[in-house]
Amino acid sequence: MDVLSDQLARARARGAVFSTLRRIAPWGLGFTGQRPLTAHILLDGTGWLSTARAEPFWLAAGDVVLVTAGDPYRLVSEIGADIETITDARRRGSDHGPGQASHILCGAYVVEGSVGKSLLGSLPRFVRIPAHSQNTRHRDAVSLLAAEAGGNGSGQQVLLDRLLDLNLVYALRTWWQQDERQAPGWYRALTHPKLARVIQAIHERPEHKWTLEAMAHTAAMSRAGFAATFKEVIGQSPGTYLTELRMGRAEDALLRTDATLSTVATSVGYGNEFAFATAFRRTHGLPPGQWRAAHRRTTNREPTDDHTP
């Protein structure tokens, strides 16, 4: 079990590339900032990312920026450049002809469930991964994404979605490795030899009858020592972490499969459907059947374009 992949499985690109544009300087693109998680990649050229509340920062070719929801922001070739909304920019298409050009790729992720919310909560407004700090595989993935974005072959959307997923994993891994204090607790625990065994085990077998004693035994620690260390490193009690993991798995099963509630209950460690429904309602405010119906309607809607009013 790759715990990082297991967590990031709830943040997926789907129909996500909403602009790949060539712009001749001076240029500017405006975004509302309302999407939960967006990636911007400057495929070539240079630019700036600016907001009304923070100092602008410079972007070079190959740089990747992850943006969480917040105030409107803009990507510009130079400070003070006129902007057009991303909706208008998409409608107009790419610039053609000579001049100092940049290619800008913008993609959005669908972030679902409690795990997705936890992921977003661990990120600042902007995460910049400069090209020079990306490892070789990440740079190769960005190059492949750029090449595919410039084509129009069959299956292109699926390839772009998966390449954006790959970019997210690389970007977050680089970001968290640079400063683990900014990483979520479960990621920090993976560097702790004893806690890592427990995190690995409960992600592999969330349906197991995990008691505090069983988790402490897996970590080869006393119950008190394990509970204290777990809370210190991860920021949650072992029981709370396990419940959130199980609820995240249940959300995934309810959204992505037609499994019965009884089957879902068993797969995430509840002895019967009633116990599962009680725990689920306590966490979500709705019984699992109603939650599934409501969220499937939302999930099946096509993502809308970002735009600036």
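**Entry 1: Q236**

I began with the side chain of Q236, which makes a polar contact with the side chain of E244 at 3.0 Å. I note that the model is predicted.

I then looked up where Q236 sits: its place is the loop between α9 (223-234) and α10 (238-256).

Is Q236 buried or exposed? I found a relative accessible area of 18% for Q236. Buried means under 20%, so Q236 counts as buried.

I next listed the contacts of Q236, leaving aside its neighbours within four places in sequence. The residues in contact with Q236 are F230, K231, Y241 and E244.

**Entry 2: helix α10**

I checked the length of α10 against its residue count. At 1.5 Å a residue, the 19 residues of α10 should span 27 Å.

How many residues of α10 are buried? I recorded 14 of its 19 residues as buried, and I therefore describe the helix as mostly covered.

For helix α7 (residues 193-204) and α10, I found that the axes come within 10 Å and cross at roughly 35°. The crossing of α7 and α10 is right-handed.

Which residues make this contact? From α7 I listed I199, I202 and H203, and from α10 I listed Y241, L242, L245 and R249. By class, the contact of α7 with α10 has 5 nonpolar, 1 polar and 1 charged residues.

Notes:
Residues are numbered from 1 along each chain as its sequence is written. This is a predicted model: local features need pLDDT of at least 70, side-chain atom pairs count only at pLDDT 80 or more; totals for chains, interfaces and linings use all residues. Side-chain values use heavy atoms; hydrogens and water are left out. Helices (H or I, at least four residues) and strands (E, at least two) are DSSP runs, numbered from the N terminus. Buried means under 20% relative accessible area, exposed over 50%, partly exposed in between (1.4 Å probe, protein chains only). A polar contact is a pair of N or O atoms within 3.5 Å; within protein, one must be able to donate a hydrogen and the other to accept it, and residues adjacent in sequence count only if both atoms are side-chain atoms. Contact means heavy atoms within 4.5 Å. The expected span of a helix is 1.5 Å times one less than its number of residues. Axes are lines fitted to C-alpha atoms, for helices over the stretch in contact, and angles run from 0 to 180 degrees between N-to-C directions. A crossing is left-handed if the near helix is turned anticlockwise from the far one by less than a right angle, and right-handed if clockwise. Ala, Val, Leu, Ile, Met, Phe, Trp, Tyr, Cys and Pro count as nonpolar, Asp, Glu, Lys and Arg as charged, and the others, Gly among them, as polar.
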